[in-house]
Amino acid sequence: MRLTAWVPKLEGMGKRDVIPVNEPVLGEKELDYVREAVETGWISSEGRFIGEFERAFAAYCGRRHGVAVCNGSAALEVATAAINLQPGDEVILPTFTIIACAMAVVERGAIPVLVDSEPETWNMDVRQIADRITPRTRAIMPVHIYGHPADIEVILDLARTHGLSVIEDAAEVHGAEYKGRRCGSFGDVSTFSFYANKIITTGEGGMLLTDDEALAERCRLHRNLCFQGERRFVHQELGRNFRMTNLQAAVGAAQMERIDQAIAKKRWMGQRYTEHLRDTPGVHLPIERPWAKHVYWVYGVVLDDSVPFDATEFARRLAERGVQTRPFFWPMHEQPVFRQMGLFRAERYPVAERLARRGLYLPSGMALTESQLDRVSTAVRDILSAA
Ligand SMILES: *Cc1c(COP(=O)(O)O)cnc(C)c1O
């Protein structure tokens, strides 16, 4: 059974002709487990699937504790609360990421401090981190981008040397590896999303992973309004209701049974796109570092400067051919909302700025078929050869 996450809205074209940028695959197992949750009445944040999903996913990533939450953005907010990030503290993170990362910092009155991307993997350029460390730095928040791990060892070394926490945002890299170790196993606390376009989905959902029992307990506290054990309605801290439901966890538990297939599908997709597009002029493709296992959460491409149009125009031309795409992230230092807050004034990060203007991602969903992938590749080749 397939559900369409994003219904393409392209004029003059029947829905069947359009290749959606993402389509998840859900099966009978998901239905069975959700049916069980409904039939037994366990529909809120208690019920067997929550603990089972937490244990299965934590074990998959080699972690001791998993704390399920309602989405990946909430996971980041719980993470900054769990490490007790204070107003005025600084957190170093890439400018090229989703706004949820900076949001989880700003929301605590702390200050996001940015670094640029490196041009080949689009991950944070770890060579720029040391210069950004000050006496106020509390944490580094690496974000593995689009399926390829960040150079995490360098980040962990810097964190150790300077006594910083690491919040690892692994929302785009379920199953990816750095030197044979799974992403999500590196942070003091690591976070995931299970949104409908992620490699494992619960519709909406997220999780925090950690090996530290005390930190796990703080995560559980902060996803649950900071209710206390003994005197439940007496609060020492403010927390949110970020709980995951048993209905969502039922879907997640079923998805976990097929995670290896999901990752194999993504890697097949990445490798086949690369084979098709390798010799196409004017486009830079994802690479895989020797130390990395890339899971191609999405297949991003970046237009070379020699191409006389930008990603917006490229997306328009692809849409004409029935290929739906998504633009790359818009960098944090160029966000109007942060500029208005007085953040990042006059800061420039040229690699991220270029990625934002020249990059987009092609249809990459779990339901993508071989013939769809081939059609997308042909469209890309035709448009760029004509340019
Ligand atoms: C998807 C994503 C998130 C946010 O997850 P939601 O579940 O959509 O809130 C956070 N960080 C990264 C890197 C993501 O890709």
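This report describes the ligand site of a predicted model and then the pairing of some of its strands.

The model is predicted, and local features need pLDDT of at least 70, side-chain atom pairs count only at pLDDT 80 or more, and totals for chains, interfaces and linings use all residues. Residues are numbered from 1 along each chain as its sequence is written, and side-chain values use heavy atoms, with hydrogens and water left out.

**Ligand site**

| Residue | Ligand atom | Distance |
|---|---|---|
| Asp-169 | nitrogen | 2.7 Å |
| Glu-172 | oxygen | 2.5 Å |
| Lys-198 | oxygen | 3.0 Å |

Taken alone the ligand exposes 380 Å², of which the protein buries 91%, with accessible areas from the Shrake-Rupley method and a 1.4 Å probe.

**Strand pairing**

Strands are DSSP runs of E with at least two residues, numbered from the N terminus, and two of them pair if DSSP finds at least two bridges between them. Strand β2 (residues 90-94) runs parallel to strand β4 (residues 137-140), joined by three bridges, and Ile-92 has Ile-140 in β4 as its bridge partner. β4 also pairs in the parallel sense with strand β5 (residues 165-169), over two bridges, where Ile-140 is partnered by Val-166 in β5.

Elsewhere, four strands form an open antiparallel sheet in the order β10-β12-β14-β13. Because β10 (283-284) and β13 (326-327) stand at the edges, each with a single partner strand, one side of each is left without a neighbour in the sheet. Two bridges join β13 to the antiparallel strand β14 (residues 359-362), and Pro-327 stands opposite Leu-360 in β14.

Conventions: A polar contact is a pair of N or O atoms within 3.5 Å; within protein, one must be able to donate a hydrogen and the other to accept it, and residues adjacent in sequence count only if both atoms are side-chain atoms.
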